[in-house]
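Subject: Structure handover

Hello,

Here is the structure for you to look through. My notes on what was found follow below it.

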Amino acid sequence: MKKERILVTGGTGYIGSHTVVELQAAGYSVVIIDNLSNSNVEVLDGIERISGIRPDFVQADCTDINALKDLFAKYPDIKGIINFAASKAVGESVEKPILYYRNNLNTLMNLLDLMGPNGVKGIVFSSSCTVYGEPDVNPVTEQSPIKTATSPYGNTKQISEEIITDVIRSGAPFKSVILRYFNPVGAHPSAEIGELPNGVPQNLIPYITQTAIGIRKELSVFGDDYPTPDGSCIRDFINVVDLAKAHVKAMDRMLEDPEAEPIEIYNLGTGNGVSVLELINTFESATGVKVPYKIVGRRTGDIEKVWGDPSHANKVLGWKADTPLADTMRSAWAWQCKLRERGIM
């Protein structure tokens, strides 16, 4: 059965591209808007090779409201939005806060502004576990206190959640699902799409794979003096395909389930905390490839330890992150090897 048309902002990015594949597999028609600031248009080829469907694509910036108006004029049947269009590196946000506030907040406000007049029924917002800051207790639930953000990036996620809440409470004629991700890792098992940041990676796994294949000399582990079993930070690493599938469940619920509240919030994680050093060891044992690394000083804005309780999403959305971490590491390595084959990295 053909389902509604969905607009995916930032849809050629890492999580966006995997979500487009899953949306198409579920029968949704997809249009992507992306400015390609941290992605590549060739991602569309990978999506098409996996799904057999090439999503419609508009190259434009979501901070440009006129570009968005033109898009809605061209695609008047858009019924849902998934918003991935955001700058997302903690360290960079500390150095360039204005860029982060301008990009992340203006994009969201433009979308919310245009949803009502264009008959869009719901928006899934890509939020983050950074809203919990340094939690008092792990795992965190959706009721855990929102802490003062430790970075401008984290603050844009908190402010975005507040903006959505205020807009929905004002009586907006649409719904929203806010998804608080933990740490997405891995690649599609086909090795046709994966994480490919422009320039030096800001995320851990591409840095691990690029170091393992010899592009980078060594990986920097930021701190080994945290109050954790091995001294490195602890995170909840979630397979990107598992994460993408949660967006389809969220969209189904918003558009089809009469019991869906006007605004709902879900943690998307595995429920397990894994340290940075444990992750490196898992990668090495899963792939048989060594990763040279050195311990360096702590990084501004980093949280000691956080992992999520995903039971609310498990129960209400009928979703679970169940890909083993070793499989996820193998998928990340297969993707890196495919990039090398194609002469990209």
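Alanine 191 is buried, at a relative accessible area of 7%. Buried here means under 20% relative accessible area, exposed means over 50%, and partly exposed is in between (1.4 Å probe, protein chains only). Alanine 191 sits in the loop between β7 (183-185) and α7. Its phi is positive, about 60°, although alanine 191 is not a glycine.

A word on the source. This is a predicted model, in which local features need pLDDT of at least 70, side-chain atom pairs count only at pLDDT 80 or more, and totals for chains, interfaces and linings use all residues. Residues are numbered from 1 along each chain as its sequence is written, and side-chain values use heavy atoms, with hydrogens and water left out. Helices (H or I, at least four residues) and strands (E, at least two) are DSSP runs, numbered from the N terminus.

Other loop residues

Leucine 36 also has a positive phi, near 60°, and is a residue other than glycine. Leucine 36 is in the loop between β2 (29-34) and α2 (43-51). It counts as buried, at 18% relative accessibility.

Now to the loop between β5 (122-128) and α6 (152-169), where threonine 130 is found. Threonine 130 is buried, with a relative accessible area of 15%. Leaving aside neighbours within four places in sequence, threonine 130 is in contact (heavy atoms within 4.5 Å) with Tyr153, Gly154, Lys157 and Gln158. Proline 139 is in the loop between β5 and α6. A cis peptide bond joins asparagine 138 to proline 139, with omega about 0°.

Cavities

Rolling a probe the size of a water molecule over the atoms shows where empty space is left. The terms come from a 1 Å grid over the protein atoms alone: a cavity is a set of points where a 1.4 Å probe fits but cannot get out, and a pocket is an open set with protein on both sides within 12 Å along at least five of seven lines. Lining residues have an atom within 4 Å of a point. Grid points are joined across faces, edges and corners, and a volume is the space filled by probe spheres set on the points.

How many cavities of 30 Å³ or more does a search of the whole structure find? Two. The largest cavity holds about 100 Å³ of space. It is lined by 15 residues, and the closest to its centre are Glu195, Pro206, Thr209, Ala332 and Trp335. α7 (204-212) and α11 each supply at least two residues of that lining. By class, the lining has 10 nonpolar, four polar and one charged residues. Nonpolar covers Ala, Val, Leu, Ile, Met, Phe, Trp, Tyr, Cys and Pro; charged covers Asp, Glu, Lys and Arg; the others, Gly among them, are polar.

The second largest cavity has a volume of about 40 Å³. Its lining is Asn83, Ala85, Ala86, Asn104, Phe125, Thr156, Lys157 and Ser160. α6 gives the most, with three residues.

Of its 13 lining residues, Phe237, Thr270, Asn272, Thr323 and Leu325 are the closest to the centre. β10 (237-239) and α11 (325-341) are the elements that give two or more residues to the lining. β10 gives the most, with three. The lining of this pocket divides into six nonpolar, five polar and two charged residues.

Best wishes
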